[in-house]
Amino acid sequence: MESMGKKKPRPRRSFTAEFKAEIVELCQRGDRSVGQVAKDFDLTETAVREWLKQAERDAGTGDGGLTTSEKDELAQLRRENRRLREDVEILKRATAFFASMP
């Protein structure tokens with residue numbers, strides 16, 4: 001039985017950095033509210049507000065969160081860290097294997 005008023009969740013979409021920058025610029029001009037820009041482009045208001053916050057961080061005027069370049073660097077360092085941990089685990093196993101040989 002379907003419940004009334006429940007909508008199917010919208011599939012997750014991804015947007016280019018250029019598109020986000022255009023939306024941020026539209027909001028910063030002040031012609032339209034964030035809600036109106038979101039409605040005009042079929043976006044969620046929350047997503048547009050997050051893009052605005054991130055643009056402010058990148059410009060150095062934000063709330064102290066990570067800039068886009070810092071987020072990219074952090075992701076890269078986490079990937080490298082995970083790979084190095086895997087390498088260490090392999091070396092530990094190899095050491096144990098060769099130490100057990102006569």
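Trainee: Where is the place of Gln54?
Mentor: Gln54 sits in helix 3; helices here are DSSP runs of H or I with at least four residues, strands are runs of E with at least two, and both are numbered from the N terminus. The model is predicted, so local features need pLDDT of at least 70, side-chain atom pairs count only at pLDDT 80 or more, and totals for chains, interfaces and linings use all residues. Residues are numbered from 1 along each chain as its sequence is written, and side-chain values use heavy atoms, with hydrogens and water left out.

Trainee: Is Gln54 buried or exposed?
Mentor: Gln54 is buried, at a relative accessible area of 13%. Buried means under 20% relative accessible area, exposed means over 50%, and partly exposed is in between, with a 1.4 Å probe and protein chains only.

Trainee: What is Gln54 in contact with, leaving aside neighbours within four places in sequence?
Mentor: Leu66, Thr67, Thr68 and Lys71. Contact means heavy atoms within 4.5 Å.

Trainee: Ok, Thr67 then. Where is that one?
Mentor: Thr67 lies in the loop between helix 3 (45-59) and helix 4 (68-99). Thr67 is buried, with a relative accessible area of 17%. Apart from neighbours within four places in sequence, Thr67 is in contact with Gln54, Arg57 and Asp58.

Trainee: And which side chain does the Thr67 side chain make a polar contact with?
Mentor: That of Ser69, at 3.2 Å. A polar contact is a pair of N or O atoms within 3.5 Å; within protein, one must be able to donate a hydrogen and the other to accept it, and residues adjacent in sequence count only if both atoms are side-chain atoms.

Trainee: Switching topic. What is phi of Asp42 near?
Mentor: Phi of Asp42 is near 55°, a positive value in a residue other than glycine. Most residues other than glycine have a negative phi. Asp42 is in the loop between helix 2 (34-40) and helix 3, and counts as partly exposed at 47% relative accessibility.

Trainee: Now the whole chain. How many helices and strands?
Mentor: Four helices and zero strands. The radius of gyration of the protein is 23 Å, well over the 13 Å that the globule rule gives for 102 residues, so the protein is more spread out than a compact globule. That radius is taken over C-alpha atoms, and the rule is 2.2 Å times the number of residues to the power 0.38.

Trainee: What box do the C-alpha atoms fill?
Mentor: Roughly 80 × 50 × 20 Å, along the principal axes. Of the 102 residues, 14% count as buried.
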